[in-house]
Amino acid sequence: MARGAKSKYTDKQKRQAEHIEEGYREQGVSQDEAERRAWATVNAVYGGGEKPGGGGYGKADNREPMRRGGRKGARSRS
């Protein structure tokens, strides 16, 4: 897969990246940086694009990167 190509990602992964990117844009992050951070988060959770095999591909997703942002924000408010 060429760098930057998103064809190997599932529709769910694409939707999640878009939603994460919107959140960063609302915080005032530039378009390019928001997109980079969003895809970095999706990659951290799923380990990259869609894998062959299906059926969950053997192990659970690491959801920690998606929770980290909320924890950081809550910590700064208290």
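How far apart should the ends of the 16 residues of helix α2 be, at 1.5 Å a residue? Here are some notes, bearing in mind that this is a predicted model.

1. Let's start with that helix. α2 covers residues 31–46, and at 1.5 Å a residue it should span 22 Å.

2. Next, have a look at which parts of α2 are hidden. The buried residues here are Ala34, Ala38, Trp39, Thr41, Val42, Val45 and Tyr46. They take up an arc of only 155° around the axis, so they end up on the same side of α2.

3. Gly47 follows α2, and its phi is positive, near 75°.

4. Now go back to helix α1, residues 11–26, where you'll find Gln13. Gln13 has a relative accessibility of 4%, and because buried means under 20%, it counts as buried. Beyond its neighbours within four places in sequence, Gln13 is in contact with Trp39, Val42 and Tyr46, along with Gly48, Gly49 and Glu50. Trp39, Val42 and Tyr46 also turn up among the buried residues of α2.

5. On to charged pairs: the whole structure has three salt bridges. Glu33 and Arg36 are three residues apart in the helix, so about one helical turn separates them.

6. Arg37 forms a salt bridge with Glu33, and here the closest N and O atoms are 2.9 Å apart. Arg37 and Glu33 are four residues apart in α2, again about one turn of the helix. Put together, Glu33, Arg36 and Arg37 make up a network of salt bridges.

7. The remaining pair to look at is in helix α3, residues 64–77. There Glu64 forms a salt bridge with Arg67, with the closest N and O atoms 2.9 Å apart. Glu64 and Arg67 are three residues apart in α3, so they are separated by about one helical turn. Glu64 is partly exposed, with a relative accessible area of 25%, and Arg67 is partly exposed at 42%.

Technical notes: Residues numbered from 1 in each chain as written. Predicted model: local features only at pLDDT ≥ 70, side-chain atom pairs only at ≥ 80, totals over all residues. Heavy atoms only, no water. Helix = DSSP H or I, 4+ residues; strand = E, 2+ residues; numbered from the N terminus. Buried < 20%, exposed > 50% of the residue type's maximum accessible area, 1.4 Å probe, protein only. Contact = heavy atoms within 4.5 Å. Expected span 1.5 Å × (residues − 1). Arc of directions from axis to C-beta. Salt bridge = Lys/Arg side-chain N within 4 Å of Asp/Glu carboxyl O.
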